[in-house]
Amino acid sequence: MLSRLDRWFHITARGSTIPREIIAGLTVFGAMAYIVAVNPAILSAAGLDRHDMVMTTIAGAVAGTLLMALWARLPIALAPAMSSNVLFAQVVVQQAHVSPRTAFTVVLFSGLCFTALSLSQIRQRIIRGFPPSIVLGIQIALGAFIARIGLTTGGIAVPSSEGLTFGSLSNPSVLLSMAGVVLSAILVVLRVPAGLLIAILAITMAGLFIQTPSGPITHLPAQLLDWPHYPTNLFLPFDFHEYFSHLGLLVPITLYFLLSDFFDATATMMSVAHRAGLDGTVEKPALDHRAFGSDGAASIIGASLGTCTVSAYVESLAGVEAGGRTGLSALVVAVLFALSSVFWPLITAIPAIATAPVLILVGLNMLGSLSRVAETPAEAIPPLTMLLIAGVTGNFMLSLSCGLLIYTALAIAMRQFQRLTPIVLGLDAAFVFYMILQAHMGA
């Protein structure tokens with residue numbers, strides 16, 4: 001059995017071990033288990049039952065991650081995307097005033113286009129067409145982005161009239177979050193096995209005994225188990241008639257879904273593969289048609305199961321930092337999501353500040369790529385701009401758009417027209433279109 005697992009997932013060939021892959025899977029699940037509670041809370045604003053959304057969230061995460069684990073065999077976990085669920089509930093349903101079933105149809109058509117691009121050579125050509133400085137910018141911008149998520153969810157950075165400011169040191173949650181960062185850093189530096197997972201569990205346990213005005217930081221649920229039931233009324237929940245009756249309104253929203261999910265997921269997968277040392281070769285890339293096909297098909301499956309776009313999660317990087325290199329770690333994540341259909345009340349007891357320090361450490365590790373930023377301004381300005389925008393605004397797609405457009409402007413100013421390949425110019429057009437759509441929808 002163990003030897004079959006080793007051969008199927010290429011565990012030894014990628015320099016990993018089965019225990020390390022299991023620990024990596026546990027770490028990823030610990031870092032992204034919040035989606036079981038957060039996604040239903042957001043989608044319930046669209047008039048959908050919260051408990052039903054818990055089950056469809058879990059179903060989408062299990063299906064998407066299993067595809068990536070067993071077909072692509074990569075350490076990438078998938079779940080309903082945070083950007084997608086907000087767009088689904090607030091823009092499509094509340095602002096555009098269409099029914100949830102029509103919104104699911106928007107997600108379906110976006111997913112179908114996404115999958116067509118993924119199974120063709122277009123997505124692979126786009127990846128190969130990214131200039132090296134932009135590829136580097138993606139890595140460090142994602143590092144800043146995920147570290148920012150950790151800082152804000154942990155309360156260390158809080159919104160203010162000037163953007164973000166440091167959290168109150170009189171707040172026990174902030175102090176526990178900061179202690180978690182120190183603990184995570186120590187465990188990482190000392191190379192303690194399962195260090196990030198230990199940090200998550202330690203902060204969760206400590207939260208039981210630390211009081212805030214609203215009670216302990218870690219709230220135990222009234223019940224530990226809840227018998228799962230899948231809402232069959234949300235299987236294939238599409239309304240094609242209303243979609244085609246409002247094409248002028250819904251086609252731009254569909255394209256916005258497509259562009260956002262396409263580039264977000266592509267950048268995430270590129271960074272995870274690079275951090276895991278799975279860049280592959282031009283002839284045999286690690287991110288091949290199976291990886292992109294899994295990612296694309298997951299978005300169709302998610303819509304069919306009654307949830308928003310299922311996509312690759314940046315929290316997968318936490319598993320890579322824990323040693324995950326193969327699809328076995330993703331398989332562990334899928335199994336844990338399946339188990340969460342029974343234990344989801346207990347899993348949602350993990351406070352956000354328990355996973356925040358892990359995200360901060362993962363982001364800082366990714367920022368280690370700053371040492372590769374070139375000294376020449378023409379090569380340094382685009383990636384550093386991406387880093388700055390992602391870190392300050394928390395909008396990764398905007399940082400990618402600005403970085404590539406600045407790259408193009410500098411190439412034109414320096415008359416280096418050979419750098420303006422068809423892929424670069426095509427990406428410029430796509431990002432300009434994306435920014436117009438974003439401004440139009442107020443997203």
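This is a predicted model: local features need pLDDT of at least 70, side-chain atom pairs count only at pLDDT 80 or more; totals for chains, interfaces and linings use all residues.
Two helix pairs were examined for their packing geometry. Two packed helices are described by the angle between their axes and the distance between the axes. For helix α2 (residues 18–32) and helix α15 (residues 327–347), the axes come within 8 Å and cross at roughly 45°. Helix α2 is therefore oblique to α15, and the crossing is right-handed. On the α2 side, the contact involves Ile18, Glu21, Ile22, Ala24, Gly25, Leu26, Val28, Phe29 and Met32. These residues meet Leu328, Ser329, Val332, Val333, Leu336, Phe337, Ser340 and Ile347 of α15.

The second pair consists of helix α5 (residues 82–95) and helix α6 (residues 100–119), whose axes come within 10 Å and cross at roughly 115°. Helix α5 likewise passes α6 in a right-handed crossing. The contact is formed by Phe88, Val92 and Val93 from α5, together with Pro100, Ala103, Phe104 and Val107 from α6.

Helix α2 also contains Pro19. This proline counts as exposed because its relative accessibility is 52%, against a cut-off of over 50% for that class. Pro19 and Val320 are separated by 301 residues in sequence, whereas their C-alpha atoms are 14 Å apart in space.

Four salt bridges were counted in the model. One of them joins the side chains of Arg123 and Asp295, with an N to O distance of 2.9 Å. Arg123 belongs to helix α7 (residues 122–129) and Asp295 to helix α13 (residues 289–305), so this pair ties together parts that are 172 residues apart in sequence. Arg123 counts as buried, at 0% relative accessibility. Asp295 is buried as well, with a relative accessible area of 0%.

A salt bridge is also found between the side chains of Glu321 and Arg275, at 2.8 Å from N to O. Because Glu321 lies in helix α14 and Arg275 in helix α12 (residues 247–275), the pair ties together parts that are 46 residues apart in sequence. Glu321 is classed as partly exposed on the basis of its 27% relative accessibility. Arg275 is likewise partly exposed, with a relative accessible area of 27%.

Arg290 forms a salt bridge with Asp288, and the closest N and O atoms of this pair are 3.1 Å apart. Arg290 is partly exposed, with a relative accessible area of 28%. Asp288, by contrast, is buried, its relative accessible area being 14%, which falls under the 20% limit for burial.

When residues up to four places away in sequence are not counted, Glu315 touches Val28, Ala31, Met32, Tyr34 and Leu359. Among these contacts, Val28 and Met32 are also residues through which α2 meets α15.

How values were computed
Residues are numbered from 1 along each chain as its sequence is written. Side-chain values use heavy atoms; hydrogens and water are left out. Contact means heavy atoms within 4.5 Å. Axes are lines fitted to C-alpha atoms, for helices over the stretch in contact, and angles run from 0 to 180 degrees between N-to-C directions. Helices (H or I, at least four residues) and strands (E, at least two) are DSSP runs, numbered from the N terminus. Angles under 35 degrees count as roughly parallel, over 145 as roughly antiparallel, 65 to 115 as roughly perpendicular and the rest as oblique. A crossing is left-handed if the near helix is turned anticlockwise from the far one by less than a right angle, and right-handed if clockwise. Buried means under 20% relative accessible area, exposed over 50%, partly exposed in between (1.4 Å probe, protein chains only).
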